[in-house]
Structures are given as structure tokens and as C-alpha cells.
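Here is a short tour of the model shown below.

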Amino acid sequence: MIRRSFFILAIISSLFSIARSQENTKPRAQQKPAEAQEEKKEVAPQEAQNEALRIAIQSLANQIALLNSELKSLRVQSERNTAVLELLLNEERLGKVEAKIDDAINYKANLDAREADIQRRLRNIQQEVALRGGLRREESEAAIRAEFNRALEDLRAQNEKHQNTIAELQAQADRLRKRIEELQKKVEPAEEKTDKD
């Protein structure tokens, strides 16, 4: 590509020098017959120079068109590579977010199971009092009930926090899925064109 650029610059500079030399040769108003003969001889080389100049300009135009085509192809390939890279990164992020969602759902399920267990034990408070024992049955029952209620409040707070976390993670996953779909649509047509070529 650099060689082509130098070649193009060399052609342009030679074209300018040819154009300058043609400007320096001015037609004379009055010529003698011998001079007219000499000018006819000069016209033929000048036409040859003009033809060479036209061919050089056409070659230069063709090379510029080819260079523009290559630059466009390079830009398209660069955009596709960027989209593929972004697609891979977003797929990796989505995998991590989905793993976090699974962990949060499992933790929430454990919290729900613990809450259900405490509620079951609250319903059977008499059995808890008998298992723990104590001199005053009513005081023991009140202490156990207060302990279970504190544990339930704590579990409900954690449950609500994890529910919010799950909702945020799912919203993030939805955004990533949408972006991945957009990138896949952008990348797939380029792959189909490449396969056809």
C-alpha cells in the first residue's frame, strides 16, 4: 500500500512536469514556412506526450479507485471484527450474570425454606418448649416466640434484598440479550457475504 502511494505520487509529479513543459511552449503568431514544417514535426511528439499523459492519468484514476475499494473493504472488515469482539464480550458477561441469577435464586430458595421451617416451628411452639425445657413454661414460650419472630424478620429482610438483586440481574441480562441479538444480526449478514465470495 505504501509502494502504491509512492508510485501514485511519482506519476502525479511527472504529470505536473509534463504540464509545465507544455505551458512553456507558446505558439508564435507569425511563422515562416520552414518553421511551420518544424512545428508539424513537433506536433506529432506533442500528441504522443498527450496520449502518454492521458494513459498515465487513466492508470492513476484506476489505482485510486482500487485503493478506495480496498479502504472500504478494510473499514467494513474492521467494523465486523469490532462487532464480533463486542458480541463475544457480551456473551461472556451474560453467562456471568446468568450464573449470578442462579446463585441468587438458590440462596433465596434456601431463605424461603428456612422461613417455612421457622413458621412450622412457631406453629408447634409447645413442642419447642418441651424440647428446650425450662422452669417456667410461659417465659420459655415467650422467649422462643421472640427468637423465632426476630429470625423471621431477618429472613424476610434478606429475602426482599435478594428479590431486588434478582430483578436487577434479570434486567441486566435482558439488556445483554437484546444487544447480543443486535450484534448477531449485524455479524451474520457479513458472514453470509464472505461465504458466497
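## The main core

The largest nonpolar core has 11 residues: A83, L87, L94, V97, I101, L169, A173, L176, I180, L183 and V187. A nonpolar core here is a set of buried Ala, Val, Leu, Ile, Met, Phe, Trp, Tyr and Cys residues joined through side-chain atoms within 4.5 Å. Helix 2 and helix 4 (137–196) each give at least two residues to this core, and helix 4 provides the largest share, 6 residues. Another core, of 9 residues, lies apart from it and includes I118, I125, V129 and F148. In soluble globular proteins, nonpolar side chains tend to be buried together.

L87, one of the residues of the largest core, touches I180, L183 and Q184, leaving aside residues up to four places away in sequence. Contact means heavy atoms within 4.5 Å.

## How the model is read

This is a predicted model, in which local features need pLDDT of at least 70 and side-chain atom pairs count only at pLDDT 80 or more, while totals for chains, interfaces and linings use all residues. Residues are numbered from 1 along each chain as its sequence is written, and side-chain values use heavy atoms, with hydrogens and water left out.

## The chain overall

The chain has 4 helices and 0 strands, in the order α-α-α-α along the sequence. Helices (H or I, at least four residues) and strands (E, at least two) are DSSP runs, numbered from the N terminus.

Of its 197 residues, 18% are buried; buried means under 20% relative accessible area, exposed over 50%, and partly exposed in between (1.4 Å probe, protein chains only). Among contacts between residues at least 6 apart in sequence, 77% link residues at least 24 apart.

## A buried lysine

What does the side chain of K108 make a polar contact with? Its partner is the side chain of N159, at 3.3 Å; a polar contact is a pair of N or O atoms within 3.5 Å, where within protein one must be able to donate a hydrogen and the other to accept it, and residues adjacent in sequence count only if both atoms are side-chain atoms. K108 sits in helix 2 (residues 33–123) and counts as buried because its relative accessibility is 17%. Beyond residues up to four places away in sequence, K108 touches N159, Q163 and I166.

In helix 3 (residues 125–132), the residues I125, E128 and V129 are buried. They lie on the same side of helix 3 because they cover an arc of only 100° around the axis, taken from the directions from the helix axis to the C-beta atoms. The face turned away from this buried side carries the exposed residues A130 and L131. After helix 3 comes G133, with a positive phi near 75°.
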